[in-house]
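Hi there,

Here is the structure I promised to pass on to you. Have a look at it first, and then read on for my notes.

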Amino acid sequence: MELTKNITLGVYLPGETVIHRLDPRTKIVIASLLIFLLLMIKSYPAYGMILLFLTAVIFISGIPIRYALCGLKPMLPVLILMWFFQLFLYSSPDAHVIFSWWIFTATDAGMHMGNLISLRVFFLFGATTILTLTTSMVGLTDGMESLLNPLRKIGLPTQELVMTMVIALRFVLILAEELDKIVKAQMARGVAFDRGNFIQKTKKLFPVFLPLFINAFKRAEELIVAMESRSYTGGKGRTKMKTLHMGRVDLIAGLIMLIFSAIVILIIFTIQPQI
Amino acid sequence: MNLSVRKIVISGILGAISILLGVTRLGFIPVPTPAGHATIMHIPVILGGVLEGPVVGLITGAIFGLFSFLQPGAPFFADPLVSVLPRLFIGVVSYLVYYATRKINNVLACILAGAFGSVTNTVLVLGMATVRGYLPSEVSISIGVLHGVPELIVAAILTVILVKGIQRIRPVEEKN
């Protein structure tokens, strides 16, 4: 039971490629735009464009494809199950029936719905994974703080919220190691996590959860003391040693993204949606 | 609006646990239904609401929601209206229930907070999924019953155990 193996979220793969050198703000904006486009897409050609785009980015940034996809592995069974779920349950009045057996009726509308939603899940996952794999945590923090800065004017504590996100991302890996240790310790005491029915399995989670939460809260108290003793005050009057600068690469990347979005939006509006 | 260091750190770490339960699949309890899993990923959010108040509950809920939107476990979560929006209410509801009932009995308040937080998650998420047309209403209701009930029981028990355990180790507990 290797829990930490498939975690790609919050991991940074250092590199020297163009994608790595882009200003974090450019990358965050591009990723957000991509996610926004993904939410509007309802046809296969548009997804094809996104696939092309993401493949190009992965290729340029030199991330091993196998590594980028391994975070998806634990989700696969659920995704496949949900695809069948959509296939049999979703239907619209003018849908053609592909086949029907007993109480199950598969329609083409259900199949398209299943396909499109699964594709969306896949690409959402891809876009965020690529962003965190190619951007360092410091870069992400600085970029988000700088992008959200205008919201401070209306009284949102943006810097603090970004700090919260960063702590969350950082601690995923730390707590994962902790969880691994707890699970192994309980296994050494003879707990068989993969045996038993639903209730027995659930019961076995309690001796894992309690130490996990207690340890997390102990760490939280330590971190609070550490931050307070260094007089952390959030965003007020903080300056940076390294400031962000946009360069020519960012301009080119922005232009490419602009053209790409235009094409995708054109596809969205011209091609008949599948659902 | 100002966020204290305590609120920042606790919401961050609870958010991390929520994400961790998601990426390791530990937060999914195998239930014998078509949809496969009941979730306990919302427990950190309930704890945030109960232990630190509505703001922490809200932020933790937002982190949980954002995560389940960006790394979706089920297809209909790939829509922020289904994945993010309902999650904002979990912590707030738990907080309100806990503070309304804790004068009576701390344990009872924890049980109710856990149960109501869990119901908020189930009802709002499935309700949103139905409204947005991802699931037919009969299916939502059956998922709601088949998943919601075990989720509710597990959430109630875990909330009591965890709140009791954490309140014991915390230095500034019950000051205000």
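Let me begin with chain B, which has 7 helices and 2 strands. Please keep in mind throughout that this is a predicted model. Along the sequence, the elements of chain B come in the order α-β-β-α-α-α-α-α-α. Chain B has 176 residues, and 57% of them count as buried. If you take the contacts in chain B with a separation of 6 or more, 69% of them join residues 24 or more positions apart.

Chain A has 275 residues, of which 33% count as buried. Its secondary structure comes to 10 helices and 2 strands, and from the N terminus on these run α-α-α-α-α-β-β-α-α-α-α-α. Here, residues 24 or more positions apart make up 79% of the contacts with a separation of 6 or more.

A word on confidence in chain A: the mean pLDDT is 82, and 88% of the residues reach 70 or more. Among the elements of chain A, helix α2 (residues 24-40) has the highest mean pLDDT, at 89. Strand β1 (residues 97-101) of chain A has the lowest, at 68, so please read that strand with the value in mind.

**Inside chain B**

The element I would show you here is helix α2 (residues 43-52) of chain B. How many of the residues of α2(B) are buried? The count is 10 of the 10, so α2(B) is largely enclosed by the rest of the structure. The buried residues run from B:Ile43, B:Pro44, B:Val45, B:Ile46 and B:Leu47 to B:Gly48, B:Gly49, B:Val50, B:Leu51 and B:Glu52; you will notice that a glutamate, B:Glu52, is on that list. What do they pack against? Their partners are α1, α3, α5 (87-101), α6 and α7 of chain B.

The axes of α2(B) and helix α6 (residues 106-131) of chain B are 10 Å apart, and the two helices pack at an angle of about 135°. That angle makes α2(B) oblique to α6(B). The crossing of α2(B) past α6(B) is right-handed. On the α2(B) side the contact is made by B:Val45, B:Ile46, B:Gly49 and B:Val50, and on the α6(B) side by B:Cys110, B:Ala113, B:Gly114 and B:Gly117. By class, these residues divide into 5 nonpolar, 3 polar and no charged. Just after α2(B) comes B:Gly53, with a positive phi of about 100°.

**Where the chains meet**

The contact between the chains takes 52 residues from chain A and 49 residues from chain B. On the chain B side, α1 (5-23), β1 (28-30), α3 (54-70) and α7 each supply at least two residues. Which of them gives the most? It is α1(B), with 14 residues. The chain B side as a whole has 35 nonpolar, 10 polar and 4 charged residues.

From α9(A), the residues in contact are A:Thr202, A:Phe206, A:Phe209, A:Leu210, A:Phe213, A:Ile214, A:Phe217 and A:Lys218. They meet B:Val154, B:Leu158, B:Ile161, B:Leu162, B:Gly165, B:Ile166 and B:Ile169 in α7(B). This contact has 12 nonpolar, 2 polar and 1 charged residues.

Why does A:Phe193 count as partly exposed? There are 14 C-beta neighbours inside 10 Å of A:Phe193, which puts this residue in that class. A:Phe193 is 12 residues from A:Leu205 in sequence, and their C-alpha atoms are 8.2 Å apart in space.

The other residue is A:Ser231, in the loop between α9 and α10 (248-270) of chain A. Most residues other than glycine have a negative phi. A:Ser231 is not a glycine, yet has a positive phi of about 55°. With 7 C-beta neighbours inside 10 Å, A:Ser231 counts as exposed.

Technical notes. Residues numbered from 1 in each chain as written. Chains lettered and ligands numbered in written order. Predicted model: local features only at pLDDT ≥ 70, side-chain atom pairs only at ≥ 80, totals over all residues. Buried ≥ 20, exposed ≤ 12 C-beta atoms within 10 Å, placed from the backbone. Contact = placed C-beta atoms within 7 Å. Helix = DSSP H or I, 4+ residues; strand = E, 2+ residues; numbered from the N terminus. Nonpolar A, V, L, I, M, F, W, Y, C, P; charged D, E, K, R; others polar. pLDDT = per-residue confidence, 0-100. Axes fitted to C-alpha atoms, helices over the stretch in contact; angles between N-to-C directions. Parallel < 35°, antiparallel > 145°, perpendicular 65-115°, else oblique. Left-handed = near helix turned anticlockwise from the far one by under 90°.
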